[in-house]
Amino acid sequence: MPNRFFRTTLMVLVALFLIQGVVAAQGRGPSTKEERERVLQITKVNELDLLNGSSDLDRIWFIQFISSVPDISIQIGSVAIWCARSFLKTEREQAFILYHFMLSAVSAIINNPEISNDPEAVDTAGVEGVIRAYKNLLQSDPGHRTSTFDEAVTSQAKGNLRNFVKKLRERKD
């Protein structure tokens, strides 16, 4: 049953992003300072404890927030999906990786609004956030290491993360 829940959750997330433009057009105003601060706080907590950091209420709130605010938007594309698939242990973990990617990307836009029109920069910020969370996860449980995601960590260490993300964005699989 839990796998079914997370698969359904993942599908709902994707559907919400597909209809984001329609929802935003319904007259919701821009994000408030308090909402942006909440996103940043949720991101910090989630980064420290990837699999248990955010409550269900925080996750629901975030998805509703990002689906409705007209001034912040992200696209779920090949990079986000690659991050989620890199964690092949469970669908639950994949859903949390995708969620953290979104949190990290939105936090980056909040902190650096100028990147909002640069999808590659937003994707890179999402991957950077997942890398931070991944490193924290490995400190508490080295069994979560994946050679696939270690490629991103190595690229970041070499200063090549943006190029790594660019290649992921160009993939057609």
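# Reading the labels on a predicted model

User: Why is Lys 33 called exposed?

Analyst: This is a predicted model, and the label rests on a computed value. Lys 33 has a relative accessibility of 52%. Exposed means over 50%, so Lys 33 counts as exposed.

User: What makes Glu 37 partly exposed?

Analyst: Its relative accessible area is 43%. Buried means under 20% and exposed over 50%, with partly exposed in between. The value of 43% lies in between, so Glu 37 is partly exposed.

User: How do you know that Lys 33 and Glu 37 meet in a salt bridge?

Analyst: The N to O distance between their side chains is 3.6 Å. The cut-off is a side-chain nitrogen of Lys or Arg within 4 Å of a carboxyl oxygen of Asp or Glu. The distance of 3.6 Å is within 4 Å, so the pair counts as a salt bridge. The structure holds 8 salt bridges.

User: Why are Lys 33 and Glu 37 said to be separated by about one helical turn?

Analyst: Both belong to helix H3, residues 33-48, and they are 4 residues apart, which means about one helical turn. An α-helix has 3.6 residues a turn, so residues three or four places apart point the same way. Side chains of opposite charge can pair when their charged atoms come close.

User: What makes Asp 56 and Arg 59 a salt bridge?

Analyst: The N to O distance for this pair is 2.3 Å, which is within the 4 Å cut-off. Asp 56 and Arg 59 both lie in helix H4, residues 56-68. They are 3 residues apart, about one turn of the helix.

User: Are Asp 56 and Arg 59 buried, or partly exposed?

Analyst: Each has its own label. Arg 59 has a relative accessible area of 18%, which is under 20%, so Arg 59 is buried. Asp 56 has 47%, which falls between 20% and 50%, so Asp 56 is partly exposed.

User: How do you know that Glu 120 forms a salt bridge with Arg 162?

Analyst: The closest N and O atoms of Glu 120 and Arg 162 are 2.7 Å apart, and that is within 4 Å. Glu 120 lies in helix H7, residues 119-140, and Arg 162 in helix H9, residues 161-170, so the pair ties together parts that are 42 residues apart in sequence. Glu 120, at 17%, is buried, while Arg 162, at 35%, is partly exposed. Asp 118 is linked with Glu 120 and Arg 162 in a network of salt bridges.

User: Which residues have the most contacts inside the largest nonpolar core?

Analyst: They are Val 127 and Phe 149, in a core of 26 residues. The elements that give two or more residues to this core are helix H5 (78-86), helix H6 (91-111), H7, helix H8 (147-157) and H9. H7 supplies the largest share, 7 residues.

User: What is Phe 149 in contact with, leaving aside its neighbours within four places in sequence?

Analyst: Its contacts are Trp 82, Cys 83, Ser 86, Phe 87, Val 127, Val 130, Ile 131 and Tyr 134. Of these residues, Trp 82, Cys 83 and Ser 86 are also buried residues of H5. What covers the buried residues of H5 includes H6, H7, H8 and H9.

User: Why is Ser 104 called buried?

Analyst: Ser 104 is at 4% relative accessibility, and buried means under 20%, so Ser 104 counts as buried. Ser 104 lies in helix H6. Not counting residues up to four places away in sequence, Ser 104 touches Thr 43, Ala 125, Gly 126, Gly 129 and Val 130.

User: What makes Ser 107 buried?

Analyst: Its relative accessibility is 6%. That is under 20%, so Ser 107 counts as buried. Ser 107 also lies in helix H6, and it touches Val 39, Leu 40 and Thr 43, not counting residues up to four places away in sequence.

Definitions and conventions: Residues are numbered from 1 along each chain as its sequence is written. This is a predicted model: local features need pLDDT of at least 70, side-chain atom pairs count only at pLDDT 80 or more; totals for chains, interfaces and linings use all residues. Side-chain values use heavy atoms; hydrogens and water are left out. Buried means under 20% relative accessible area, exposed over 50%, partly exposed in between (1.4 Å probe, protein chains only). A nonpolar core is a set of buried Ala, Val, Leu, Ile, Met, Phe, Trp, Tyr and Cys residues joined through side-chain atoms within 4.5 Å. Contact means heavy atoms within 4.5 Å.
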